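Reader: I'd like to learn how to read a model like this one. Could you take me through it feature by feature?

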Amino acid sequence: MSGSTAGPTYREHPPHPGLAGHVACYWTSRGAAPIPGAVHRHRVVPDGCTDFLIDYRTHQLRAVGTMTRPLEVAQAGPVDVLGIRFRPGALPAFLDTPLDELTDRTVDLADAGDAETVRSLDAVFSIGGTAERLAHLDRVLGARLSLGGNRVDTAALHVAALVGRSVGRTSVAELA
């Protein structure tokens, strides 16, 4: 079978206010296709953001780079993912790998991140409840920022904020 109309439930959650300049949101995707054996398909469009994915079913931590083209995702079976969506240009504060090496790629976070941050994030697998998990992520990411995670591309953050405020009201030529 292929393609069902319903599927996992997607929800966004705000980060701690002190992280809001770097983290656009946390998000969760949980559930399964309504028909056993069905595949739920959805399209992810480029938004300039990067993400960390915490997959509770596979016990994997992954980093997703900036996308330059849409990605078709097919999900079979149950899904239980917690994501961290970083604002454009903000990921270098939390990751040791240059952003251009992640463009259109998904990599194991252990191969791209600082070992202490990965160890701290990995602890989220033993925490029950969304609120507790989000509070843990706030602590881990806040600690990384306070330890000198200041490698943020501030120009990219400002451009992203300008584009976000101008959507639908400003042409691409005016923004350029």
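Author: We'll go from the overall layout to the sheet, then to a few single residues. This is a predicted model, where local features need pLDDT of at least 70, side-chain atom pairs count only at pLDDT 80 or more, and totals for chains, interfaces and linings use all residues. Residues are numbered from 1 along each chain as its sequence is written, and side-chain values use heavy atoms, with hydrogens and water left out.

Reader: Fine. How many helices and strands does the chain have?

Author: Helices (H or I, at least four residues) and strands (E, at least two) are DSSP runs, numbered from the N terminus. Here the count is 5 helices and 8 strands, and from the N terminus the order is β-β-β-β-β-β-β-β-α-α-α-α-α. Of the 176 residues, 40% are buried, meaning under 20% relative accessible area; exposed is over 50% and partly exposed is in between (1.4 Å probe, protein chains only).

Reader: And the sheet: in what order do the strands sit?

Author: Strands of a sheet pair through backbone hydrogen bonds, either parallel or antiparallel. Two strands count as paired if DSSP finds at least two bridges between them. In this model, 6 strands make an open, antiparallel sheet in the order β1-β2-β7-β4-β5-β8. β1 (9–13) and β8 (106–108) are at the edges with a single partner strand each, so one side of each lacks a neighbour in the sheet. From one strand to the next, the twist averages 20 degrees.

Reader: Which residue of β7 does F52 stand opposite?

Author: F52 faces I84 in β7. β4 (residues 50–55) and β7 (residues 79–86) are joined in the antiparallel sense over 6 bridges. Helix α3 packs on the sheet, touching β1, β2 (23–31), β4 and β7, and its direction makes about 145 degrees with that of β2. Contact means heavy atoms within 4.5 Å; axes are lines fitted to C-alpha atoms, for helices over the stretch in contact, and angles run from 0 to 180 degrees between N-to-C directions.

Reader: What is R133 in contact with, leaving aside its neighbours within four places in sequence?

Author: R133 belongs to α3 (residues 130–146). With those neighbours set aside, R133 touches R30, Y56, D80, L82, V124, I127 and G128. R133 is buried but has no salt bridge, and D80, the nearest side chain of opposite charge, is 4.4 Å away. A salt bridge needs a side-chain nitrogen of Lys or Arg within 4 Å of a carboxyl oxygen of Asp or Glu. For charge, Lys and Arg are positive, Asp and Glu negative, and His and the chain ends are not counted.

Reader: Last one: where is H59, and what is its phi?

Author: Most residues other than glycine have a negative phi, and most peptide bonds are trans. H59, not a glycine, has a positive phi of about 55 degrees. H59 lies in the loop between β4 and β5 (60–64) and is partly exposed, with a relative accessible area of 46%. D104 also has a positive phi, near 60 degrees. D104 is in the loop between β7 and β8, and is partly exposed at 30% relative accessibility.
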